[in-house]
Amino acid sequence: MKFFLDRIEREKLTVEKMIHIFCELKHNGKLCSNCTEMLDYANERLDRCPYKNGKPACIDCPIHCYNKIMREKIREIMRFSGPKMLFRHPYLALMHLVDEKKKKNGAEAPFIKSKKKESKK
Ligand code: SF4
Ligand SMILES: [Zn+2]
C-alpha cells in the first residue's frame with residue numbers, strides 16, 4: 001500500500017473498509033456479491049467525481065451522483081460501519097471526520113465556489 005494517499009484514494013480505501021466491516025458482520029463472511037457491487041459502484045463514482053481531490057464529503061455533496069438505491073445502501077453501510085471504523089481503522093476514521101468538519105467550517109470544493117461566483121454575475 002502507498003504511504004501517502006490522495007483524497008480520492010483515501011476515500012476509496014475508507015469505503016472499502018466500511019463495506020468489508022458491514023459484510024463481515026451483517027452477511028457473515030467474505031465480500032458477498034451485493035457488497036462487491038456496492039464497492040465497485042462507489043469506486044466508479046469516485047473515479048468520475050467532478051471535484052476530484054477537492055471533493056466535499058459525499059454526504060454534503062450538492063450533486064449526489066449516487067442513484068437512489070445505492071445512496072440508501074451506502075448510507076446504511078456508513079451508519080453501521082462508521083462507529084466501528086474508529087477501532088479498526090482509526091487513521092481513516094479520523095481523516096473522514098476531518099473531511100466532514102472542513103465543509104461544516106465553510107471549506108468548499110472549488111467547483112462549488114466557481115458556480116457561486118458565476119451565479120453572482
Ligand atoms: S457524491 Fe459528490 S463528492 Fe461524492 S463522488 Fe459523487 S460527485 Fe463526488
Ligand atoms: Zn455483503
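The structure is a predicted model, in which local features need pLDDT of at least 70, side-chain atom pairs count only at pLDDT 80 or more, and totals for chains, interfaces and linings use all residues. Residues are numbered from 1 along each chain as its sequence is written, while chains are lettered from A and ligands numbered from 1 in the order in which they are written.

The protein chain contains 5 helices and 0 strands; helices (H or I, at least four residues) and strands (E, at least two) are DSSP runs, numbered from the N terminus. Read from the N terminus, the order of elements is α-α-α-α-α. Of the 121 residues in the protein chain, 20% are buried. A residue counts as buried if 20 or more other C-beta atoms lie within 10 Å of its own, as exposed if 12 or fewer do, and as partly exposed in between, with C-beta atoms placed from the backbone. Among contacts in the protein chain with a separation of 6 or more, 73% join residues 24 or more positions apart. Two residues are in contact if their C-beta atoms, placed from the backbone, lie within 7 Å.

Two packed helices are described by the angle between their axes and the distance between the axes. Axes are lines fitted to C-alpha atoms, for helices over the stretch in contact, and angles run from 0 to 180 degrees between N-to-C directions. Helix α1 (residues 7-26) and helix α2 (residues 33-47) have axes that come within 10 Å and cross at roughly 165°. The two helices are therefore roughly antiparallel. In this scheme, angles under 35 degrees count as roughly parallel, over 145 as roughly antiparallel, 65 to 115 as roughly perpendicular and the rest as oblique. The crossing of α1 past α2 is right-handed; a crossing is left-handed if the near helix is turned anticlockwise from the far one by less than a right angle, and right-handed if clockwise. On the α1 side, the contact involves I8, E11, K12, V15, E16, I19, F22 and C23, which meet C35, M38, L39, A42, N43 and L46 of α2. By class, this contact of α1 with α2 comprises 10 nonpolar, 1 polar and 3 charged residues. Ala, Val, Leu, Ile, Met, Phe, Trp, Tyr, Cys and Pro count as nonpolar, Asp, Glu, Lys and Arg as charged, and the others, Gly among them, as polar.

N43 belongs to helix α2 and is partly exposed, with 15 C-beta neighbours inside 10 Å. N43 and K12 are 31 residues apart in sequence, yet their C-alpha atoms are 6.1 Å apart in space.

By class, the contact of α2 with α3 has 6 nonpolar, no polar and 1 charged residues.

The largest nonpolar core has 13 residues, and those with the most contacts inside it are M18, I19, F22, M38 and I77. A nonpolar core is a set of buried Ala, Val, Leu, Ile, Met, Phe, Trp, Tyr and Cys residues joined through C-beta atoms within 7 Å. At least two residues of this core come from each of α1, α2, α3 (68-88) and α4 (90-104). The largest share, 6 residues, is supplied by α1. With residues up to four places away in sequence not counted, M38 touches I19, M70, K73, I74 and I77.

L5 is placed in the segment before α1 and is partly exposed, with 15 other C-beta atoms within 10 Å. Not counting residues up to four places away in sequence, L5 touches R10 and L13. Most residues other than glycine have a negative phi. K52, although not a glycine, has a positive phi of about 50°. K52 lies in the loop between α2 and α3 and is partly exposed, with 15 other C-beta atoms within 10 Å. H64, which is not a glycine, has a positive phi of about 50°. H64 is located in the loop between α2 and α3 and is exposed, with 11 other C-beta atoms within 10 Å.
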